[in-house]
Amino acid sequence: IHFYKRLLPTMKSCTNLIRYSLLLFIFISCMAALVVLGLDLDLLLNGPDYLSKVITNIVNRFHQGEIVNEEQLKDVLLDARQSLWVHIPMVMVVVLSIMLLLLNCLGCAGACLLSYSLLSGFTMFMFVSFVLYACLALWIFANNMEDSVMDSFVTEKISQYSQSEGIFNLVIDTVQRDLQCCGFKSSADWAGSFPSSCCLDSCAGEECLEVEQECVLENIHSSSCLEMIRSNLLQPDSMVGLIGVTFLVVVAVVGVTTALSFCLCLTARSHRGKKWSLRNNNNENESVADSYLELTQPKFLRK
């Protein structure tokens, strides 16, 4: 009994540490969901002016040069915004962000009240999310991006590069300038018709467009983009590597949140069990006392 009394403050301290850590990770998740929700709603309601400025500033400052042109990105996002296949995912992002905020409120309430019911529901949601993120991470990092569906998709977009100006053209140019590569698996993917992003000294913007030179085989990057993506996927000095590191951080945050929620859920369950045991003991003590009183002093004598 004395050992349990000495251990009780330590257990309360551990419970509070887990609770406040969980609340911190929930707060970080809420902030990320609010940022994504705000940018997506701004793109849906007000157009791509603000989002294109944000993306352009981040990418160009990261590279200390003009990799993405703001006007080109604005036109691409404006065309994509009018497409049904892009509009539906944007609406889905809004719905998922709101659901994430509501579930985070559920977890926050469960952590503050130490409610087993709320924490168990939040833990199940976080566990499913962690499994999905972990499977996606394994497919990206362990599979080395070897997938026939992705190969055919990228090959199709490269073949359609000169036919239209869309968001995939901008992605292809940005990746080739960022990683200094040409073609997905090799430069032969372009069939001799190379875009300006394949050249060694290519750039984007009005200044480059005025003196743009034809990109020929002698001036292109020798490395393929698939090879450069594999080697730079965890290198934060490139945009592709920064995205890869950020994704791993997200997976780690989801995993830690799941573990903290599970530990706090177990604590809440044991706490609830202690409450029920105390109630049962009190009821048993009351029934024993009533039985003893009935044996020693019957009701007709008490009247």
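Which cysteine does a disulfide join to Cys 182?

A: The model is predicted: local features need pLDDT of at least 70, side-chain atom pairs count only at pLDDT 80 or more, and totals for chains, interfaces and linings use all residues. Residues are numbered from 1 along each chain as its sequence is written, and side-chain values use heavy atoms, with hydrogens and water left out.

The partner of Cys 182 is Cys 198, with an S to S distance of 2.2 Å; a disulfide is here a pair of cysteine sulfur atoms within 2.5 Å. This link is right-handed, with 85° about the S-S bond. Cys 182 and Cys 198 both lie in the loop between α7 and α8, so the pair ties together parts that are 16 residues apart in sequence. Helices are DSSP runs (H or I, at least four residues), numbered from the N terminus. Both Cys 182 and Cys 198 are buried, a term that denotes under 20% relative accessible area, whereas exposed denotes over 50% and partly exposed the range in between (1.4 Å probe, protein chains only).

A search of the whole structure finds two disulfides. Cys 181 and Cys 225 also form one, with their sulfur atoms 2.1 Å apart. Its torsion about the S-S bond is about 85°, so this disulfide is right-handed. Cys 181 is in the loop between α7 and α8, while Cys 225 is in helix α9 (residues 225–232), 44 residues apart. Cys 181 and Cys 225 are both buried.

By contrast, the sulfur of Cys 263 is too far for a bond, because the closest cysteine sulfur, in Cys 265, is 9.9 Å away. Cys 263 is partly exposed, at 36% relative accessible area.

Technical notes:
Helices (H or I, at least four residues) and strands (E, at least two) are DSSP runs, numbered from the N terminus.
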